[in-house]
Amino acid sequence: MIKKIKKHATTNKLVIVGILLGVLFGSFLPELALKQKLIGTAFIYFLKMLVVPLVFASVYTAILGLGSLEHLKRMGLKTIGLYLFTTALAALAAIVAMNIFQIGERVSHEGLQYAQAAQIAPFSFSSMILSFIPVNIFKALGEGSMMQIIVFAILFGVASLYLKKEQQQPMFDFFTAVSNVMLKMAEWVILLTPIGVFSLISYVIADQGIEVVAGLWKYLLMVIGVILFHGVVTLPAVLAFFGRVNPYRYLSDVREASIMAFSTASSAATLPISMRVVEEDGEVDAKTASFVLPLGATVSMDGTAAYLSVAVLYIANMAGATLSFGDQLLLGITVVALSVGVAALPSASLVMMVVILNQLGLPVEYMALIIAVDRILDMCRTSLNVTSDLVVAKVIDQYEKRDKL
């Protein structure tokens, strides 16, 4: 145990060094930084390679391990409810902050154009629901459609609960072995973390440039400030109140996953690391982690909710539109409601922003002004999404342990 702690501490230090060196390299040698993108891309690909079999095997074994539909329903409702609660708190924090600090000077949208917005199909509730259903599970597995994979794994696991015990056991052993093999491969990939992080950070800095950041510094500071507030105040408060543990000690123990999420800007790619650190360092039961974290990688969107709330209100200010209390309430409700379903669609945050802007009658053209720093903010909001997953996993684990007493 002591060796593991020391090893993780060393890895964390190397990752931080990689981030700092990446910033310097991207700032002073941008041409070289742009050319070495292959290294960071390969690192993310290795992580994503593990996600589909790991998610399917983990969700399936978690459901079989629960042993009954009643237990599954109880844990599932708590998990979804808590994810929605933390997402609502993130949106609330962003709306309150934007009302206190009025940023966004009026700008005409004439001449602005955001081409990607025109390529997005109009959002519909029926399309969202249908996107959950894997018409062809092998296609869903091949394309990495996470929500469809999770839905099928849950149905497959529930159906397996109706089998005789002697039929369940071989399947449970097989998928447990698959999950363990994926986690072992993840350990190998994690050894490349400092190099991968260095490559990713240096590329982002070189690609975006300091001048882009300087032009939107108020907007950047607002989004990052809300994300930090939610990560260091709101989520720890939720963990302390519901989980009854020292939140900062726990978050410090599992910080490797949040750092990785910041570097990769992908909750799915971070999933193997999240599962390992919550079990080994956060002392979360493997069955709980196997069910809660894959679900969170798909539906948990605290960071996205905070980002979208700030972005929409910032665009409203630039458009010279005054949103009433009712409009802002509608904004918060829409962000939370869409967070579960739209995550299954490509370019989730982009789809959500277009839907919300259209709903509030704001021009989507203003997205062209803020999209320049989207990559940087994507890293920040993904880190918060993953931090929320880690918090919810610990809270649910604490509830499960208390129920057994």
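The largest cavity is lined by Ser267, Thr270, Leu271, Ser274, Leu293, Ala297, Val386 and Asp389; on a 1 Å grid over the protein atoms alone, a cavity is a set of points where a 1.4 Å probe fits but cannot get out, and lining residues have an atom within 4 Å of a point. The model is predicted, and local features need pLDDT of at least 70, side-chain atom pairs pLDDT 80 or more, whereas totals for chains, interfaces and linings use all residues. Residues are numbered from 1 along each chain as its sequence is written, and side-chain values use heavy atoms, without hydrogens and water.

The structure contains one cavity of 30 Å³ or more. At least two lining residues come from each of helices H15 (267–280), H16 (286–299) and H21 (374–404), helices being DSSP runs (H or I, at least four residues) numbered from the N terminus. H15 provides the largest share, four residues. By class, the lining comprises four nonpolar residues, three polar and one charged (Ala, Val, Leu, Ile, Met, Phe, Trp, Tyr, Cys and Pro count as nonpolar; Asp, Glu, Lys and Arg as charged; the others, Gly among them, as polar).

Helix H18 (residues 325–341) includes Gln328. This residue, Gln328, is buried, at 13% relative accessible area (buried means under 20%, with a 1.4 Å probe and protein chains only). Beyond residues up to four places away in sequence, Gln328 touches Ile95, Asn99, Leu313 and Leu323 (heavy atoms within 4.5 Å). Side chain to side chain, Gln328 makes a polar contact with Asn99 at 2.6 Å; such a contact is a pair of N or O atoms within 3.5 Å, of which, within protein, one must be able to donate a hydrogen and the other to accept it, and residues adjacent in sequence count only if both atoms are side-chain atoms.

Definitions and conventions. On a 1 Å grid over the protein atoms alone, a cavity is a set of points where a 1.4 Å probe fits but cannot get out, and a pocket is an open set with protein on both sides within 12 Å along at least five of seven lines; lining residues have an atom within 4 Å of a point. Grid points are joined across faces, edges and corners, and a volume is the space filled by probe spheres set on the points. Buried means under 20% relative accessible area, exposed over 50%, partly exposed in between (1.4 Å probe, protein chains only).
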